[in-house]
Amino acid sequence: MTDKFISIEAIAKRYPAKNPDKRGGETTIFENLWLSMQRGEFGCIIGHSGCGKTTVLNILAGLDEPSEGAVIVDGQAIEGTSLDRAVIFQGHALFPWRTVLGNVAFAVKSKWPKWSAERIKTHATKFINLVGLSGSEHKRPAELSGGMKQRVGIARALSITPKIMLMDEPFSALDALTRGTLQDEVRRICLETDQTTFMITHDVDEAIYLADKIFLMTNGPGAVLAEILENPLPRDRARTDLHRHPLYYPLRNHIVDFLVTRSRTFTQDATGYDPRKVPVVRLALPEPVIATSAKSVPSAAAPNQASA
Amino acid sequence: MSSSLRLRAAIMSVAILAVFLGAWHIATRSTGSVANLNPEYAKLMGLTATQGKSAMPGPVDVGAKLWEHIQSPFYDKGPNDKGLGIQLAFSIARVMLGYLLAVAVAIPLGFLIGMSPLMSKALDPFIQILKPISPLAWMPLALYTIKDSSLSAIFVIFICSLWPMLLNTAFGVAAVRKEWINVARTLEVGTVRRAFTVILPAAAPTILTGMRISIGIAWLVIVAAEMLVGGTGIGYFVWNEWNNLSITNVIIAILVIGLVGMLLDQVLAQATRLVTFPE
């Protein structure tokens, strides 16, 4: 935690309660939430609907404001939206009256208003090629499949060379096959460009494949960041043989267990929980043991608890 | 399948027209001499009395008269006898002037209302009260203040075409998808660029629908307005021909008003199609 590229500090989000009898007349979605990420990291936030994941992302994007606290990116407190933080929306949000090239060029022109039309076109085309859409530059979004539309969304976000890329369940509306290929593309691009990325997902496998750090959030209202899970899988992992890695299932089980039970019970069970020092968990393989020795008892894949 | 449907529909339309014209012709034809009249007296009475011909002209009379009008649409023989083309040109010019003035006011104002909830709420009572007023009710006030009958007609067109455009623009602007606005926000697009490159294209189909409703209303109102102000225009022509008891010309005017109205509507429909985007 030396180089905090993104630092979310003690943010809270409250809405006026519909029922005025409630305490303070407000509903707290989450409060005193701390979260940090390093440059070039891929962070995934997992939690049930209503825990405030999208609110966290919107605050990071500047589309929403926290009721309390601040967000610091690259040493500066953020204020509103910025071209440094690109958002990939769940519903692609392309302009249907513009072509693929027009949509990407719109973003490029927003970032560099003084560029010539030729330069904007060259730059936009580069990113359309990067997401594998060469030849479709002049199609309109209505002529594209769901996966291709989301590729345009990615190209548009990358084209402004943002410091952070924010993704709000970008692949949830796609079929499994398309989702897989797009995950590969995103992973490749993020590794190539060393892009800092923050993503919301419901998909456990997606988080395991893409993320360096998985943030587990408990159920709202009053949601807290329960654990930061470091991904123990190798950096050069491939989607096709992910499941063969010995730590894949322990990791997957850990997340699923969290979502099934602990996301509900965490706030009651946790003792001495400090929102500023969220436990960082890194799963490890059990030490080899001598089976014949009567003294040693084989232990399960016990999580190594470390402090943030 | 669809082409055969279109063909059958066309045949049906022609058949309906033929039945209508036939019925019209039979209903208004001469039934022969009804009474033995003094020839001098018969000359004075005309065909209605002598041959039982209806005072309502038949399709052949209307067709012949229409052909005359088509041959010389732009003649000008003084204030009470101008060609149909000239009358139409006056009406269309008035509609266009009033309508374009309304566009110039309604679209920017609609943007303001659509983008600002404050202005929307503040202007709402005024719009609600002004909208249901018959445009012709403004006429005396317009005549008194403007003191020019022709300009008053333009003002009436302006006021009647304003509301549908204003309300549709405001609605279209307010209903632009939140995510498109968010895209513009994350890209730090300024207000002016956002209005022109995001909100305008997104709201264009709704705005054009309002413009189409407005041109229809404007064309309805111009006839009534010109009947009141007189002088020139197709509305004046209808009333003048009624005073001349020329039912033939009245029928021709009705037909021409319908045709021009349809053309104006089609132009706007085509424009709407141009700005509509498939989702």
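I began with the charged pairs across the interface, and between chain B and chain A I counted zero salt bridges. I note here that what I am reading is a predicted model.

**Entry on the interface.** I next looked up how much area the two chains cover on each other, since the size of an interface is often given as the accessible area lost when the parts come together. Chain B and chain A bury about 1900 Å² between them, and 68% of that area lies on carbon and sulfur atoms. The contact draws 22 residues from chain A and 17 residues from chain B.

I then followed B:Arg193 into helix H10 of chain B, where it takes part in a contact with helix H2 of chain A. On the H2(A) side I listed A:Phe106, A:Lys109 and A:Ser110, and they meet B:Arg193, B:Thr197 and B:Val198 in H10(B). I sorted the residues of this contact into two nonpolar, two polar and two charged. H2(A), residues 100-111, packs with H10(B) at an angle of about 175°, and the axes are 13 Å apart. Angles over 145 degrees count as roughly antiparallel, and H2(A) and H10(B) are therefore roughly antiparallel to each other.

**Entry on H10 and H11 of chain B.** I stayed with H10(B), which covers residues 191-229, and looked up its packing with helix H11 of chain B, residues 234-243. The angle between them is about 50° and their axes are 6 Å apart, so the two helices are oblique to each other. Is their crossing left-handed or right-handed? I read the crossing of H10(B) and H11(B) as right-handed. From H10(B) the contact uses B:Trp219, B:Val223, B:Glu226 and B:Met227, and these meet B:Ile234, B:Gly235, B:Tyr236, B:Val238 and B:Trp239 in H11(B). Sorted by kind, the residues of this contact are seven nonpolar, one polar and one charged.

**Entry on H7 and H8 of chain B.** Helix H7 (residues 139-146) and helix H8 (residues 149-174) of chain B pack at an angle of about 135°, with their axes 9 Å apart, which means that H7(B) is oblique to H8(B). I noted a right-handed crossing where H7(B) passes H8(B). H7(B) brings B:Met139, B:Ala142, B:Leu143 and B:Ile146 to the contact, while H8(B) brings B:Ser149, B:Leu151, B:Ser152, B:Phe155 and B:Val156.

**Entry on salt bridges.** I came back to charged pairs and found 21 salt bridges over all chains of the structure. I looked up one pair in chain A, in which the side chains of A:Glu41 and A:Lys213 meet in a salt bridge at 3.3 Å, N to O. A:Glu41 sits in the loop between strands S2 and S3 of chain A, whereas A:Lys213 belongs to strand S9, and the pair links distant parts of the chain, 172 residues apart.

Notes. Residues are numbered from 1 along each chain as its sequence is written. Chains are lettered from A and ligands numbered from 1 in the order in which they are written. This is a predicted model: local features need pLDDT of at least 70, side-chain atom pairs count only at pLDDT 80 or more; totals for chains, interfaces and linings use all residues. Side-chain values use heavy atoms; hydrogens and water are left out. Axes are lines fitted to C-alpha atoms, for helices over the stretch in contact, and angles run from 0 to 180 degrees between N-to-C directions. Helices (H or I, at least four residues) and strands (E, at least two) are DSSP runs, numbered from the N terminus. Angles under 35 degrees count as roughly parallel, over 145 as roughly antiparallel, 65 to 115 as roughly perpendicular and the rest as oblique. A crossing is left-handed if the near helix is turned anticlockwise from the far one by less than a right angle, and right-handed if clockwise. Contact means heavy atoms within 4.5 Å. Ala, Val, Leu, Ile, Met, Phe, Trp, Tyr, Cys and Pro count as nonpolar, Asp, Glu, Lys and Arg as charged, and the others, Gly among them, as polar. Buried area is the accessible area (1.4 Å probe) that two parts lose on being put together, summed over both. A salt bridge is a side-chain nitrogen of Lys or Arg within 4 Å of a carboxyl oxygen of Asp or Glu.
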